[in-house]
Amino acid sequence: MKLSEVKHILQTAEAVDFELENGTKVPAHFHVTEVGMVTTHFIDCGGTVRTEKVANFQLWDANDFDHRLKPQKLLNIIALSEKALGMEDLDIEVEYQGETIGKYDLGYNGNNFVLLSKTTNCLAPDKCGIPKEKLRINLREMQSGNACTPGGGCC
């Protein structure tokens with residue numbers, strides 16, 4: 001999700017609520033302790049130099065039960081970050097404390113922002129010798145003669 005999408009949602013939102021993909025809610029008294037821009041400059045396993053930039057939100061589960069982040073307050077924090085940091089319309093990465101600090105992509109389910117699990121991947125599979133995923137076929141269908149038919153495109 002891009003920063004512009006979050007700002008659009010916040011324009012009409014009544015509350016700012018986050019949840020994990022499994023439905024676990026981030027406590028309502030969380031704080032956004034950072035809105036920033038993170039730049040990663042690295043070399044992938046194939047030797048290509050890369051740069052990635054994301055907008056970063058850090059959520060903190062505070063023991064401050066008397067305050068709750070309102071949509072307009074988060075919009076103000078984002079606006080200040082855009083001005084002070086020259087932040088672009090970047091994809092958002094959210095940091096949230098579990099057993100350790102987790103990094104999540106951000107989605108929206110119509111009611112709440114959703115912290116989406118991130119995965120790693122090889123950025124240079126052609127240079128690392130990683131084979132492409134093989135086509136999986138059902139051997140039972142092959143044995144019954146249903147797997148490949150003339151004009152079916154599988155042979």
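**View 1. Phe18, Phe30, Tyr108 and Phe113 form one aromatic cluster.** The model shown is predicted, so that local features need pLDDT of at least 70 and side-chain atom pairs count only at pLDDT 80 or more, whereas totals for chains, interfaces and linings use all residues. Residues are numbered from 1 along each chain as its sequence is written, and side-chain values use heavy atoms, with hydrogens and water left out. Rings of Phe, Tyr and Trp (for Trp, the six-membered ring) pair if their centres lie within 6.5 Å, and planes under 30 degrees apart count as stacked, over 60 as edge-to-face and the rest as tilted. By this rule the count comes to three aromatic pairs. One of them joins Phe18 and Phe30, whose ring centres are 5.3 Å apart with the planes at 90°, so this pair is edge-to-face. The pair links distant parts of the chain, twelve residues apart, with Phe18 in strand S1 and Phe30 in the loop between S1 and strand S2 (31-43); strands (E, at least two residues) and helices (H or I, at least four) are DSSP runs, numbered from the N terminus.

**View 2. Tyr108 and Phe113 form a tilted aromatic pair.** The two rings lie 5.1 Å centre to centre, with 55° between the planes. Tyr108 is partly exposed at 33% relative accessibility, whereas Phe113 is buried at 3%, where buried means under 20% relative accessible area, exposed over 50% and partly exposed in between (1.4 Å probe, protein chains only).

**View 3. The largest nonpolar core has 28 residues.** A nonpolar core is a set of buried Ala, Val, Leu, Ile, Met, Phe, Trp, Tyr and Cys residues joined through side-chain atoms within 4.5 Å. The residues with the most contacts inside this core are Val6, Phe18, Leu106, Phe113 and Leu115. Elements that each supply at least two residues include helix H1 (3-12), helix H2 (71-85) and strand S6 (113-117), and H1 gives the most, with four residues. Leaving aside its neighbours within four places in sequence, Val6 is in contact (heavy atoms within 4.5 Å) with Met1, Phe57, Ile78, Ile92, Leu106 and Phe113.

**View 4. Glu19 is found in strand S1 (residues 18-20).** Glu19 counts as buried, at 10% relative accessibility. Its side chain makes a polar contact with the side chain of Lys25 at 2.9 Å, and another of 3.5 Å joins the side chains of Glu19 and Asn109. A polar contact is a pair of N or O atoms within 3.5 Å; within protein, one must be able to donate a hydrogen and the other to accept it, and residues adjacent in sequence count only if both atoms are side-chain atoms.
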